[in-house]
Amino acid sequence: VNFTGTAGVWRNQAIDDAGGWSGSCLVEDCELSFRVLFTGYRTTFARELVPAELPASFAAYRAQQRRWTMGWAQLIRLHVQQL
């Protein structure tokens, strides 16, 4: 399962083994999770709930959704061969 969202917990070694954090993608957390999965690590979900921040307005929500959609398109272009 790829990582999307906030409140993720990462193993330092997994990040290092995947080549480190990269800001070259709009959805950098998802992009890192793909590289971590490609190196053989697996993910899991925790049952605990954590607080999250929502966009303050509908316009902010739309901008967030647009950015995420563009980021996923970018992510697919980056890793289409491995997917």
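Reader: Is Cys-25 buried or exposed?

Author: Cys-25 is buried, as its relative accessible area is 4%. Buried stands for under 20% relative accessible area, exposed for over 50%, and partly exposed for what lies in between, using a 1.4 Å probe and protein chains only. The model is predicted, so local features need pLDDT of at least 70 and side-chain atom pairs count only at pLDDT 80 or more, while totals for chains, interfaces and linings use all residues. Residues are numbered from 1 along each chain as its sequence is written, and side-chain values use heavy atoms, with hydrogens and water left out.

Reader: How many disulfides does a search of the whole structure find?

Author: A disulfide is a covalent bond between the sulfur atoms of two cysteines. The test here is a pair of cysteine sulfur atoms within 2.5 Å. The search finds 0 disulfides.

Reader: What span is expected of helix H3, and what does H3 reach?

Author: Helices are DSSP runs of H or I with at least four residues, numbered from the N terminus. The expected span is 1.5 Å times one less than the number of residues. H3 runs over residues 58-79, which is 22 residues, and reaches 31 Å from its first C-alpha to its last, close to the expected 32 Å.

Reader: Which residues of H3 are buried, and why are they on the same side?

Author: An α-helix has 3.6 residues a turn, so residues three or four places apart point the same way. In H3 the buried residues are Gln-64, Gly-71, Leu-75 and His-79. They are on the same side of H3 because they cover an arc of only 50° around the axis; the arc is that of the directions from the helix axis to the C-beta atoms. On the other side of H3, the exposed residues are Phe-58, Ala-59, Arg-62, Arg-66, Thr-69 and Arg-77. Arg-67, also in H3, counts as partly exposed at 39% relative accessibility.

Reader: What do the buried residues of H3 pack against?

Author: Contact means heavy atoms within 4.5 Å. The buried residues of H3 pack against helix H2 (28-38).

Reader: Which residues is Ser-33 in contact with, leaving aside neighbours within four places in sequence?

Author: Ser-33 has its place in helix H2 and counts as buried at 1% relative accessibility. With those neighbours left aside, Ser-33 is in contact with Asn-2, Phe-3 and Trp-10.

Conventions. Helices (H or I, at least four residues) and strands (E, at least two) are DSSP runs, numbered from the N terminus.
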